[in-house]
Amino acid sequence: MTKKTILLTGAAGRVGQLIRPLLRESYILRLCDIRAVGNLEPGEAFTQGDLADSAFAREAVAGTAGVVHFAGLVSPAVSFEDTLDPNYRAVLALLEACRHSGVRRFVFASSHHIVGLHRPGPLNSHAHVIPDGFYGLSKAFGEAACALYSHRFQIDCLIIRIGNADP
């Protein structure tokens, strides 16, 4: 069986570095980041650029079977303006690139910061979105964008709310 190619964004980041070896077992990886990624393994290729640029996003997505989107500005102490390109425009550019390229699988890395201002206690899948800052707000946008593209354009989206990313 021939391995499918998937795009892994945020490949130079913590989560990207942790998941890369696991994905490499089953897929050919097109790694993408705004920063350089070193030590490429067999079955990996790297493309560097800004995913907020829709032309670059289309180029990165072309020819893939799916996108695992872990790129973005990650910090609970960022301004709204800081998040616009990496956490809003990049998500939309990637989803649009998927739509135009016929890519029907999209994994979105969200965050527990989307529900960060809930009172202490257990949360479930029906918890209201109460972000604890502009980073959490940007992840709420990403989840909503995934819902739009899933329902309107039939792109299968999987949202993972990450709470911690240690080895």
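Tutor: Let us take strand β1, where T5, L7 and T9 on one side and I6 and L8 on the other are all buried, so that both faces are covered; buried here means under 20% relative accessible area, against over 50% for exposed and partly exposed in between, with a 1.4 Å probe and protein chains only. In a regular strand the side chains alternate between the two faces of the sheet. Because five of the five residues of β1 (residues 5–9) are buried, the strand is largely enclosed by the rest of the structure. Strands (E, at least two residues) and helices (H or I, at least four) are DSSP runs, numbered from the N terminus.

This is a predicted model, in which local features need pLDDT of at least 70 and side-chain atom pairs count only at pLDDT 80 or more, while totals for chains, interfaces and linings use all residues. Residues are numbered from 1 along each chain as its sequence is written, and side-chain values use heavy atoms, leaving out hydrogens and water.

β1 has two pairing partners to consider, where pairing requires that DSSP finds at least two bridges between the strands. With strand β2 (residues 28–33), β1 pairs in the parallel sense over five bridges, and R30 in β2 is the bridge partner of L7. With strand β4 (residues 66–69), β1 pairs in the parallel sense over four bridges, and here L8 has V68 as its bridge partner. β4 is likewise covered on both faces, with G66 and V68 buried on one side and V67 and H69 buried on the other.

L7 is among the residues with the most contacts inside the largest core, which has 24 residues, together with L51, V61, L94, C98 and F106. The elements giving two or more residues to this core are α2 (54–61), α3, β5 and α4 (134–153), and α3 supplies the largest share, seven residues. Apart from this core lies another, of 12 residues, which includes L8 as well as A11, L31 and V68.

Key
A nonpolar core is a set of buried Ala, Val, Leu, Ile, Met, Phe, Trp, Tyr and Cys residues joined through side-chain atoms within 4.5 Å.
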